[in-house]
Amino acid sequence: MAIAHHRLNPSTTLPIRNRVLAYMAKLGMLEASDRLLLAVSGGMDSMVMLSLFQRLGEWPLAVAHCNFGLRGSEADGDEDFVVEECQRLGITLHTHRFDTREYAIARKISVQEAARELRYAWFAELCEEYGYTKVATAHHAQDQAETVLLNLARGAGLRGLCGIPARRGNVIRPLLSTPHADILLWAEELGVRYRNDSSNATDHYSRNTVRHHALPALEGVNPAACENISRATERVTLAYQALYTLAADRWGDPHAQPQAAFSFPTSILRDGLYGALARFWLDERMGSLGFSREQQEGVLSAAMRGGVGQSVESQQCRAYVEREELRFLPKSASGDVAIPEMVVYHKILGNEWIDFGFVELARGAGSSEVRVSRNSHWVFLDADTLSLPLVLRRWQVGDRVQPLGMDGEKLVSDVLTDQKTPTSLRHSTLVLADRQRILWVLGHCIAHPCRVRETTRRVLRVEWLPKRFPDQQED
């Protein structure tokens, strides 16, 4: 059963070898100086990959096998099989057992995602320790077709239609364009031994459902459906890379600095092909910030219509449609951490949010020495008009204030609207109130009844210390 006992058949296996070599050369997967680590599960795909690279004999090889502890004795049997095969072939082997379920629970992710994270992290450690320069996995054309169909079903954008990347960093997939029929043919003609994974026979996983039902239906329409989908992903990938490069050159890498706040002019979105490129960039950026496809489409549609006020949020970020711009504020930078829900001051004593200070007025000076402050972060109030305790809190729907110079009260929401406060800043607006009224809408207006007048004798200077008003300047 040893590989060396079988010669490549010029009519079957030799063309497979040559096509794989041509595919790797086209994508520049390997160089002569590379040291290759093969990810081998013991299944047919990875054992054929091992067989192929052993026959090529152009690169130093080692094998990495993961036992995820998910299939009990069957997984242990896979590990024993790979150990035996590597010993027989004289190939260096690395094995590792993972507690995948515990890792998934701790990280609050699926078992499949946990297995992926664990194995690629371990591969990186092996490369660092032993000097391997490339890691090869045995994904093939059917895997690619399954991935694209799953991505389509889940509502993926252009990036999802690229499927599995042929190379990413030092990870390569030399069989990605190879039909599964060719892999089966190679295994049969060359007597490659392998193990069958019983979990592949069930429809428990979404991928298996696609494999057992969707792909056979498509192959009933065209037997080359998998290969055609795989080839289409190559063309989509080229188009995606071209768009990504153009957009990144204009507006920066959409996946860079995920915690940075930024704004994007909405007028660009309506500018023909240039607008299409801008929408592509925003799709990428919003996707990297955790927004769903529906959220992206809703916000971009509102922005293109010129709508104002719509907002959506992901776990990382809030997006707002403002006048002539889309504004994005990561939650860690939008003031949420620094803005309290409520702070009560039973005495005129400052803390980390508010600083109080009394201003002494000269006899007869009145308000000529203390003018009404237009600064966003501090104001002067008539201390004798205040009724303790004072409360610092977020504004609420229905809050009213009598702005300086007005005879009647006004909704705080109308004050914010009149001052054209961006939607992105409205949620973080605070008010300072006493028992009777709102004294100060921070950053916007003070109440007329507590203004400093000619008859004022005690002036209270109030300063908001965190100064979380992103778009306002010191006077």
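Colleague: Let's begin with the overview: how many helices and strands does the secondary structure of the protein come to?

Modeller: The count is 14 helices and 20 strands. Keep in mind that this is a predicted model.

Colleague: And how much of the protein is buried?

Modeller: Of the 475 residues, 46% are buried. The protein exposes about 23800 Å², and carbon and sulfur atoms supply 50% of that.

Colleague: What share of the contacts with a separation of 6 or more comes from residues 24 or more positions apart?

Modeller: That share is 70%.

Colleague: What makes strand β20 count as largely enclosed?

Modeller: Look at residues 458–464, which form β20: 5 of the 7 are buried, so the strand is largely enclosed by the rest of the structure.

Colleague: How do you know that β12 and β20 pair?

Modeller: Pairing takes at least two bridges. Strand β12 (residues 354–360) and β20 have 7 bridges, so they qualify, and the sense is antiparallel. One of the places to look is F356, whose bridge partner in β20 is V462.

Colleague: What about β13 and β20, how many bridges join them?

Modeller: There are 5, joining β13 (residues 378–382) to β20, and these strands run antiparallel too. With at least two bridges needed, they therefore count as paired. Here W378 stands opposite E463 in β20.

Colleague: Why is S314 called buried?

Modeller: Buried means under 20% relative accessible area. S314 has 7%, so it counts as buried. You'll find S314 in the loop between β8 (311–313) and β9 (317–322). S314 and Q295 are 19 residues apart in sequence, with their C-alpha atoms 8.9 Å apart in space.

Colleague: Why is K108 called exposed, then?

Modeller: The cut-off for exposed is over 50%. K108 has a relative accessible area of 78%, so it is exposed. It sits in the loop between α4 (100–107) and α5 (111–130). K108 also has a positive phi of about 60°, although it is not a glycine.

Colleague: And E31, buried or exposed?

Modeller: Exposed: its relative accessible area is 52%, and the label needs over 50%, so E31 qualifies. E31 lies in the loop between α1 (13–27) and β1 (36–39). From E31 to E58 is 27 residues in sequence and 9.6 Å in space, C-alpha to C-alpha.

Colleague: Which residues does a cis peptide bond join?

Modeller: L388 and P389, where omega is about 0°. P389 is in the loop between β13 and β14 (390–394).

Colleague: How many cavities of 30 Å³ or more does a search of the whole structure find?

Modeller: It finds 2. A space is called a cavity because a 1.4 Å probe fits there but cannot get out.

Colleague: What lines the second largest cavity?

Modeller: The lining is I16, V48, L52, L175, T178, D182, I183 and W186. The elements giving two or more residues are α2 (44–56) and α8 (180–190), and α8 gives the most, with 3 residues.

Colleague: What does that lining look like by class?

Modeller: By class there are 6 nonpolar, 1 polar and 1 charged residues. Asp counts as charged, so D182 is the charged one in this lining.

Note on methods: Residues are numbered from 1 along each chain as its sequence is written. This is a predicted model: local features need pLDDT of at least 70, side-chain atom pairs count only at pLDDT 80 or more; totals for chains, interfaces and linings use all residues. Side-chain values use heavy atoms; hydrogens and water are left out. Helices (H or I, at least four residues) and strands (E, at least two) are DSSP runs, numbered from the N terminus. Buried means under 20% relative accessible area, exposed over 50%, partly exposed in between (1.4 Å probe, protein chains only). Contact means heavy atoms within 4.5 Å. Accessible areas come from the Shrake-Rupley method with a 1.4 Å probe; for residues, only the protein chains shown count as cover. On a 1 Å grid over the protein atoms alone, a cavity is a set of points where a 1.4 Å probe fits but cannot get out, and a pocket is an open set with protein on both sides within 12 Å along at least five of seven lines; lining residues have an atom within 4 Å of a point. Grid points are joined across faces, edges and corners, and a volume is the space filled by probe spheres set on the points.
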